[in-house]
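Subject: Handover of a structure

Dear colleague,

Please find the structure below, together with its sequence. I would be grateful if you kept it open while reading the notes that follow it.

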Amino acid sequence: MPKTYSELLREARAEIPEVSASETDARRQRGNVAIIDVREASEWDQGYVPGATHVSKSYLEQQIEAAVPDRTTPVILYCAGGVRSLFAAQTLAGMGYTDVASMAGGFQAWKSNGLEWTTPPKLTEQQKQRYSRHLLIPEVGTEGQAKLLGSKVLLIGAGGLGSPAALYLAAAGVGTIGIIDFDVVDLSNLQRQVLHTNDSVGEKKVDSARRTITALNPDVTVVAHEEMLVAANVERIIHGYDVILDGTDTFETRYILNDAAVAAGIPVVHASVFRFEGQLTTFIPYQGPCYRCLYPTPPPPELAPGCSVAGVLGVVPGIMGLLQTNEVLKVLLGIGETLAGRLLLFDALETEFTELKLRRDPKCPVCSDEARAAREAGTPLPVATFSDGVFTLNGGGGDAVATPLVATPLVATPLGGPR
């Protein structure tokens, strides 16, 4: 027999427990509950409960598993007045969620009780359309996209790694992309450095990169650093950036970048390539090893020739550059698990990945507890330097040469993949 709306509502209230706005706030502050806003996007834009996740009732069945993957997690749903959330809670109970409640009185009761509420960052209509696929992802959404638009990422090099990274960081809406590169575009670059075109040959790479990025996404501000990265300017150049994407091609540059980034507390996403192989890791200061932990000294030159000598399959830096971009976005958004403490090895010929466990060197002169304390006291520990004092960039055509594993005394047994 058909049921009336009143009957359906009575059934929902009989099946679903209701909690007050004040109790919801107390549980929110304890951090032991997932709060889901089931209103429409236009309502969410007018304000919401801090820490809530927006999953419109219209898309609840499709999106709730991404927002709350564990069905045993306590969930409180709310809407404007407390009715839609009751029916939404019934849906979740039917999907197997075991601890679901509805906030009585909804967001109106929340505000009436004088509880804290906030409004989402504002995106323009064009931005909502451009980033619409990001906005649909609970882990990103409007807040995450606004965070990306306010973020600053520095690319060391606009070559084989920096090219795909720049394109996808720009497409993702990272608001400021800094590029340090003093080289010009050469015809031999075009086999892998996809930021540049045939018409860019002879042009400064930073100018070519700016033109391409701006054409892709005018939301992005490109800051060009047309200079070598040396000891005298590294602190100035990296200052203010949230993450650094390392596409350097000399060991000298990597050491000076590492030391400065650790001191500044800036994460560095590092990748390198060699012929058909690639390496990737993320250095987050004091959460894992730094570059000097892995490679206390550079390998002999004959073990790590540059790509201009050894060659590289063009797609390999593209693959590694995109994996770097993925790491950068995770760091900026604070989602997922980064590669901090792990080294990912890629073999293009076998299409195989191997993951190695890394650890911090307790005696590292840069990132150890002793080194950190010494630096904070104004007496940093001495580190190995190079005799000429100059740390050059792009000497090998703009592609980061891989460090051979024979130079990694702190690499442990592979976690998986081929041995």
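The buried residues of helix 2 pack against strand 1 (18–19), strand 2 (34–37), strand 4 (75–78), strand 5 (100–103) and helix 6 (106–112). Here buried means under 20% relative accessible area and exposed over 50%, with partly exposed in between (1.4 Å probe, protein chains only). Helices (H or I, at least four residues) and strands (E, at least two) are DSSP runs numbered from the N terminus.

The model is predicted, so local features need pLDDT of at least 70 and side-chain atom pairs count only at pLDDT 80 or more, whereas totals for chains, interfaces and linings use all residues. Residues are numbered from 1 along each chain as its sequence is written, and side-chain values use heavy atoms, leaving out hydrogens and water.

Helix 2

Helix 2 spans residues 21–30, and its buried residues are A21, T24, D25 and R27. These residues lie on the same side of helix 2, because they cover an arc of only 165° around the axis (the arc of the directions from the helix axis to the C-beta atoms). An α-helix has 3.6 residues a turn, so residues three or four places apart point the same way. On the other side of helix 2, Q29 and R30 are exposed. After helix 2 comes G31, with a positive phi near 75°.

The protein as a whole

The protein has 17 helices and 14 strands. It consists of 419 residues, of which 49% count as buried. Among contacts (heavy atoms within 4.5 Å) between residues at least 6 apart in sequence, 71% join residues at least 24 apart.

Helix 5 and its two partners

Which helices meet helix 5 in the contacts described here? (Ala, Val, Leu, Ile, Met, Phe, Trp, Tyr, Cys and Pro count as nonpolar, Asp, Glu, Lys and Arg as charged, and the others, Gly among them, as polar.) Helix 4 (residues 60–67) and helix 5 (residues 84–94) pack at an angle of about 70°, with their axes 11 Å apart. The two are therefore roughly perpendicular to each other, a term for angles of 65 to 115 degrees.

Helix 1 (residues 5–15) is the other partner, and its axis comes within 9 Å of that of helix 5, crossing at roughly 65°. In helix 1, Y5, L8, L9, E11, A12, R13 and E15 meet L86, F87 and Q90 in helix 5. That contact of helix 1 with helix 5 has six nonpolar, one polar and three charged residues.

Helix 10

Eight of the 11 residues of helix 10 (residues 162–172) are buried, which leaves this helix mostly covered. The buried residues of helix 10 include G162, S163, P164 and A165. Just after helix 10, G173 takes a positive phi of about 90°.

I237 in helix 12

Is I237 buried or exposed? Its relative accessibility is 2%, so I237 counts as buried. I237 is found in helix 12 (residues 234–238). Leaving aside neighbours within four places in sequence, I237 is in contact with L154, I180, H225, E227 and L229. One of these, L154, is 83 residues from I237 along the chain, with 8.8 Å between the two C-alpha atoms.

Yours sincerely

Conventions. Axes are lines fitted to C-alpha atoms, for helices over the stretch in contact, and angles run from 0 to 180 degrees between N-to-C directions. Angles under 35 degrees count as roughly parallel, over 145 as roughly antiparallel, 65 to 115 as roughly perpendicular and the rest as oblique.
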